[in-house]
Amino acid sequence: MASIMEAFNASTTSMPSPTLDRLVGAKAQAGFLSNITNGVNIWSVLFTLLAAAVVYDQIAYWRNKGVLSGPAWKMPFIGPFLQSVDPKFEAYHKQWMSAPLSCVSVFHIFVIMGSTRDVARQIFNAPAYVKPCVVEVASKLLRPENWVFLDGKAHVEYRKGLNGLFTRQALTGYLPGQQEVYEQYFESFFQSSEKARKEKSGAGPDKGGEKSVYILRELMCALSCRTFVGHYMSHSQVKEIADDYYNITAAMELVNFPIIIPFTKTWYGKKAADKVLEAFASCAAKAKIRMKSSGAKAECILDRWILQMMESEQYRQRIERGESVPSEEKPAQVLRGFTDFEISMTLFTFLFASQDATSSACSWLLQLLADRPDALEKVRAEGKQIMGDRYRKYGAVQIDDLDNMAYTRAVVKETLRYRPPVTMVPYKVKKPFPITPEYTAPKGSMIIPSLWRSLHDNEAYGSHGGADEWAPERWIEGDAEEQGKNWLVFGTGPHYCLGQTYAVMNLMLMIHLLSANFDMHHTVTDRSEEIRVFATLFPMDDLLLSFTRRVAA
């Protein structure tokens with residue numbers, strides 16, 4: 001028996017056991033993992049993930065950068081965001097001059113800068129590859145359904161319906177209201193200077209100089225609102241919008257937080273934008289009621305637009321009744337009916353396009369003219385010759401008068417060239433965009449044509465001391481008017497500025513009326529010629545001006 005049991009025991013211990021092997025293997029594996037995890041904690045895991053994310057972010061930047069000029073390395077994740085908190089014109093200028101195409105990467109956005117005339121024009125004229133995006137947060141403030149973000153045929157059709165708001169006939173109708181606003185604000189400028197002189201609280205020899213950039217922003221906002229919505233908006237509402245619009249501008253800076261976080265610039269900008277949209281929607285509702293009343297005449301853009309909608313609806317009703325409507329009675333553009341909020345969004349884009357740009361332009365205009373009395377006297381002499389007995393009178397300027405002010409127009413156009421209010425126009429790449437044989441912009445990137453180099457090109461504007469000199473004479477004696485390819489102040493292509501004629505005429509009207517009725521004194525500082533970047537370009541010292549009333553000759 002013993003021998004049998006010994007044999008059995010010997011045989012069983014020598015046979016392999018699958019269950020036992022699994023147990024031993026699992027224990028060994030657990031021991032191995034335990035040895036690894038004993039040295040691991042949450043911080044080491046997070047550090048590893050962070051390092052991997054940094055490496056991926058850098059590799060993605062290199063892949064997108066390709067042959068472009070730009071920083072060799074990207075600051076992890078944020079890129080040059082910290083520099084953008086206080087943007088410097090010199091840094092932008094250096095990048096524009098560095099190469100026809102250059103790049104940076106901010107947060108998750110890869111940004112391509114097109115700096116030369118030909119590259120800028122190529123981007124402007126490439127609707128198949130790009131669409132306007134303004135800045136990353138713009139759709140949240142202006143609303144994603146806003147017409148400026150429409151693309152292709154939808155954009156073309158919408159835009160056609162707005163063309164009638166900027167015809168010569170329409171511009172003629174806006175002139176009386178604009179002159180009322182200028183009279184009111186110019187008088188307030190003078191009174192403010194008088195107060196500062198009496199209190200000796202201002203700058204300059206007469207102690208009347210005050211920072212004028214901010215009052216010019218309010219003036220341009222009041223003028224735009226009067227042109228866009230007439231008397232449907234009260235003066236107090238206009239002033240509130242002008243004050244709040246600073247927050248909208250700050251939120252629309254080129255580099256900003258891509259999401260809206262409470263108490264940031266974008267958050268305050270969104271709150272201000274909501275108030276503006278609400279105010280414009282209220283104006284639209286009032287205008288629809290007024291324009292239906294007997295004898296109502298269009299006094300602003302809103303009135304004209306609603307009148308066109310009413311005429312279009314009447315035309316459709318006649319067609320539905322089976323009438324044979326003569327072609328001459330068909331509206332130039334048959335419009336659909338727009339809701340109050342749709343109208344509000346469109347008016348907001350008009351304000352967005354005009355507010356900062358015209359504020360910048362008139363700031364430089366007044367500084368340049370105040371510092372060049374010979375040019376200012378030429379503006380006055382031209383105005384007096386054309387206006388005759390109507391000179392200095394508000395409400396007397398007609399569109400034909402402005403047409404005849406050749407030197408005044410040259411002053412405005414030269415200022416827009418010399419200190420372009422809009423220097424960069426962001427677009428978003430819809431699909432891979434072969435800009436050059438060597439480089440294709442990746443889908444989803446931001447591509448920005450810059451206007452500075454084309455407007456400061458000595459090949460186009462080399463006469464009269466060169467492109468870096470302010471010389472209105474180049475538009476009269478020189479060939480500046482022939483440089484259409486370089487004149488990109490208002491863009492080109494399918495998204496060129498609708499209101500370019502309105503903008504130039506408005507600035508002409510401003511300097512004509514102001515120079516006719518007031519003298520300006522500019523307190524020059526060592527920072528007057530420096531450029532401050534705040535969405536657009538402004539004098540660094542905020543333009544210290546004082547005003548005195550001119551005595552009739």
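**Exercise 1. Describe how helix 9 and helix 20 pack: which angle, which hand and which residues?**

Step 1: locate the elements. Helix 9 covers residues 168-199 and helix 20 covers residues 500-517. Helices here are DSSP runs of H or I with at least four residues, strands are runs of E with at least two, and both are numbered from the N terminus. The model is predicted: local features need pLDDT of at least 70, side-chain atom pairs count only at pLDDT 80 or more, and totals for chains, interfaces and linings use all residues. Residues are numbered from 1 along each chain as its sequence is written, and side-chain values use heavy atoms, with hydrogens and water left out.

Step 2: take the geometry. The two axes come within 11 Å and cross at roughly 40°. Axes are lines fitted to C-alpha atoms, for helices over the stretch in contact, and angles run from 0 to 180 degrees between N-to-C directions.

Step 3: name the arrangement. Helix 9 and helix 20 are therefore oblique to each other; angles under 35 degrees count as roughly parallel, over 145 as roughly antiparallel, 65 to 115 as roughly perpendicular and the rest as oblique. Their crossing is right-handed, meaning that the near helix is turned clockwise from the far one by less than a right angle.

Step 4: list the contact (heavy atoms within 4.5 Å). From helix 9, Leu171, Leu175, Gln178, Gln179, Tyr182 and Phe186 take part; they meet Thr501, Tyr502, Met505, Asn506, Leu509, Met510, Leu513 and Leu514 of helix 20. Sorted by class, this contact of helix 9 with helix 20 holds 10 nonpolar, four polar and no charged residues. For the classes, Ala, Val, Leu, Ile, Met, Phe, Trp, Tyr, Cys and Pro count as nonpolar, Asp, Glu, Lys and Arg as charged, and the others, Gly among them, as polar.

**Exercise 2. Now try helix 11 and helix 14: at what angle do they cross, and which residues make the contact?**

Step 1: the axes of helix 11 and helix 14 (residues 340-371) come within 12 Å and cross at roughly 85°. The pair is therefore roughly perpendicular.

Step 2: helix 11 supplies Ile241, Tyr245, Ile248 and Thr249, while helix 14 supplies Phe348, Leu351, Phe352, Gln355 and Asp356. Six of the residues in this contact of helix 11 with helix 14 are nonpolar, two are polar and one is charged.

**Exercise 3. Work out the open sheet: what is the strand order, and which strands stand at the edges?**

Step 1: the sheet has five strands in the order 1-2-8-5-3, with mixed pairing. Two strands pair if DSSP finds at least two bridges between them.

Step 2: strand 1 (101-106) and strand 3 (130-132) are the edges; each has a single partner strand, so one side of each lacks a neighbour in the sheet. From one strand to the next, the twist averages 30°.

Step 3: look at one pair. Strand 2 (residues 109-114) runs parallel to strand 8 (residues 446-449) over four bridges, and Val111 stands opposite Met446 in strand 8.

**Exercise 4. Which partners does strand 12 have, and in what sense do they run?**

Step 1: strand 4 (residues 210-211) and strand 12 (residues 544-549) run antiparallel, joined by two bridges. Glu210 has Leu545 as its bridge partner in strand 12.

Step 2: strand 9 (residues 518-522) also pairs with strand 12 in the antiparallel sense, over five bridges. Here His521 is bridged to Ser546 of strand 12.

**Exercise 5. Phe263 and Leu543: is each buried or exposed?**

Step 1: Phe263 is a residue other than glycine with a positive phi, near 70°. Phe263 sits in the loop between helix 11 (235-251) and helix 12 (265-290).

Step 2: Leu543, again not a glycine, has a positive phi near 65°. Leu543 belongs to the loop between strand 11 (536-539) and strand 12.

Step 3: Phe263 is exposed at 61% relative accessible area, whereas Leu543 is buried at 0%. Buried means under 20% relative accessible area, exposed over 50%, and partly exposed in between (1.4 Å probe, protein chains only).
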